[in-house]
There are 2 protein chains.
Amino acid sequence: MPVTDVAIDKIKDMIISGELAPGDRLPKEAELAQRLGLSRSSLREAVKALCLIRVLDVRQGDGTYVTSLEPNLLLDAMTFVVDFHRDDTVLDFLAVRRILEPAATALAALHMSEDDITELGALLDELADAPTVEALVANDLQFHRKIADGSGNPVLCSLLDSLSGPTARARIWRGLTQEGAVARTREQHTAIYEAIAAREPELARSWATVHVAGVEQWLRSTLTQTGTDADSPADDSPQAAAS
Amino acid sequence: MPVTDVAIDKIKDMIISGELAPGDRLPKEAELAQRLGLSRSSLREAVKALCLIRVLDVRQGDGTYVTSLEPNLLLDAMTFVVDFHRDDTVLDFLAVRRILEPAATALAALHMSEDDITELGALLDELADAPTVEALVANDLQFHRKIADGSGNPVLCSLLDSLSGPTARARIWRGLTQEGAVARTREQHTAIYEAIAAREPELARSWATVHVAGVEQWLRSTLTQTGTDADSPADDSPQAAAS
DNA sequence: GAACACCGAAACATCCGAGGTCTCTTGAGG
DNA sequence: CCTCAAGAGACCTCGGATGTTTCGGTGTTC
């Protein structure tokens, strides 16, 4: 095993064992390199790798630190990974999201604070007049993130965030300028919001299921229709709504 | 932004754009470094980072290749990330697993082939005589992985695999030598297997829920009882079963 | 007394070049 | 046709030199 990989493991162990706590500063490069028995070059490779997955945070001119290691931070790294998946696996991601999103929505109906629910409602009102596609997608992301956050489970929230990456492109594909999709999205978002506000977890779950399943169904039919040309689906079904 | 990070993005883009397909070989270090406009050292840091998340695969003496980029491979990297989470977030992971596992089990009841179901049953029989703790945990992992795989969704399968990491320790904590836990685990595994074999997705889902919820409940009570001493929970409730 | 600008130390960023090690290929020999 | 040894190609590791950034102390100015 390359010395760099050994170094990665050693640093990992130092963190897991508690020798390095979140927020702690690592010894300087030269020192740590000597301690781990390798050159600075190789150590830097290890640090860079751990940096990519948000375990370490290097600040030039200052030092290298262990991040907070919070779930949202570490799971964030998954977004990077998810970006690599090609369109033919988007459906698989969406299927997982269809499992998680309703559960998160139901949890949100139980655990969200009144203040958060108010803010959620405010998000819906922000789209009063004709929005741009970018604004719509951004608002949509925010809406779902707020619900995921409201589930009270940071792991669930981060996971949903990561899974939204691949579906984001689908959202754009979706003719968001088409009145049917926009209106339906608003309707379903409103329904989800009202179910949460009414503290009706099962109703909220059902609406979320309908919501995600709509996109899933639309995407599935589109992908099968256009075959390999999955980058720019042309056709659309007026029943589905953007998620 | 550091040149290394730029290099990471460029390589990422080369892959996403299709310039580099899965299995393709990258230009040699010196050549790629010149092309990206940086030194070999910095390039190596970028490659190492992409290596950690299984996007690239370097083989000494041969070359650097793009991996298959299959979901299971990329999601595998999450296992590494998950390792960093401390015990106080294990419950959050378990809660997510409690959402996914029943769904996966239900899907497995629908999609698993007869051959796979037969193999699943064989797994149950392998534990006939008193097993060691290691064998039990390994068998348990295999059982759940086979079901997850049977869901037909590789993303879901990999995700469950990753989430099983943190719970694995919990499995060991759990007094697996206690007859109650072992027997209950076997009972529930058998029930899940029979529900799948009978092609009863809802029944399978329910058993899976019960199964995971049991551990969750046990772990929750244990963690609250022992407070900060979560590394070696002493108490146990005979109702729960190892997952 | 407080705010600001300057300066030096510390630490990371980047680069370069020299050996070392491993893998694959090639071709001679059996 | 198979085996094995030599060579080329590619990555691995190292050490040092130089550039950049940040932090903290110091002195000046208002």
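How many residues does the contact take from chain B and from chain A? The legends below start with that contact, and the model they describe is predicted.

**Figure 1. The contact between chain B and chain A in the predicted model.** The contact takes 34 residues from chain B and 34 residues from chain A. On the side of chain B that touches chain A, the elements giving two or more residues are α1 (3–16), α3, α4 (71–82), α5 and α8 (154–173) of chain B. The most comes from α5(B), which gives 7 residues to this side. By class, the side of chain B that touches chain A has 24 nonpolar, 5 polar and 5 charged residues.

**Figure 2. The rotation axis that relates chain B to chain A.** Chain B is superposed on chain A by a rotation of 180° with 0.0 Å of shift along the axis, and the RMSD is 0.1 Å. This is the relation of a two-fold axis. Ala49(B) is the residue of chain B that comes closest to the rotation axis, with its C-alpha at 1.9 Å. Of the interface residues of chain B, 100% are also interface residues in chain A, so the copies meet through the same surface.

**Figure 3. Helices α1(B) and α3(B) where they pack.** The axes of α1(B) and α3(B) are 8 Å apart, and the helices pack at an angle of about 55°. The crossing of α1(B) past α3(B) is right-handed. Val3(B), Thr4(B), Ala7(B), Ile8(B) and Ile11(B) make the contact from α1(B), and Ser42(B), Leu43(B), Glu45(B), Ala46(B), Ala49(B) and Leu50(B) make it from α3(B). By class, the contact of α1(B) with α3(B) has 8 nonpolar, 2 polar and 1 charged residues. Ala49(B), part of this contact, is also the residue of chain B that comes closest to the rotation axis.

**Figure 4. Helices α5(B) and α7(B) where they cross.** Helix α5 (residues 90–111) and helix α7 (residues 133–150) of chain B cross at roughly 65°, and their axes come within 7 Å. The two helices are therefore roughly perpendicular to each other. Their crossing is left-handed. From α5(B), the contact is made by Ala104(B), Thr105(B), Ala108(B) and His111(B), and from α7(B) by Ile147(B), Ala148(B) and Gly150(B). The residues of this contact divide into 4 nonpolar, 3 polar and no charged.

Figure 5. The surface near DNA strand D divides into 4 nonpolar, 11 polar and 5 charged residues.

**Figure 6. The surface near DNA strand C.** DNA strand C is surrounded by 20 residues, and the closest are Lys28(A), Pro2(B), Val3(B), Ser39(B) and Gly61(B). Val3(B) also belongs to the contact of α1(B) with α3(B). At least two residues of the surface near DNA strand C are supplied by each of α3 and β2 (63–66) of chain A and α1 and α3 of chain B. By class, this surface has 4 nonpolar, 11 polar and 5 charged residues.

Terms used
Residues are numbered from 1 along each chain as its sequence is written. Chains are lettered from A and ligands numbered from 1 in the order in which they are written. This is a predicted model: local features need pLDDT of at least 70, side-chain atom pairs count only at pLDDT 80 or more; totals for chains, interfaces and linings use all residues. Copies are superposed by least squares on the C-alpha atoms of residues with pLDDT of at least 70 in both. Two residues are in contact if their C-beta atoms, placed from the backbone, lie within 7 Å. Ala, Val, Leu, Ile, Met, Phe, Trp, Tyr, Cys and Pro count as nonpolar, Asp, Glu, Lys and Arg as charged, and the others, Gly among them, as polar. Axes are lines fitted to C-alpha atoms, for helices over the stretch in contact, and angles run from 0 to 180 degrees between N-to-C directions. Helices (H or I, at least four residues) and strands (E, at least two) are DSSP runs, numbered from the N terminus. Angles under 35 degrees count as roughly parallel, over 145 as roughly antiparallel, 65 to 115 as roughly perpendicular and the rest as oblique. A crossing is left-handed if the near helix is turned anticlockwise from the far one by less than a right angle, and right-handed if clockwise. A residue is near a molecule or strand if its C-beta atom, placed from the backbone, lies within 6 Å of it.
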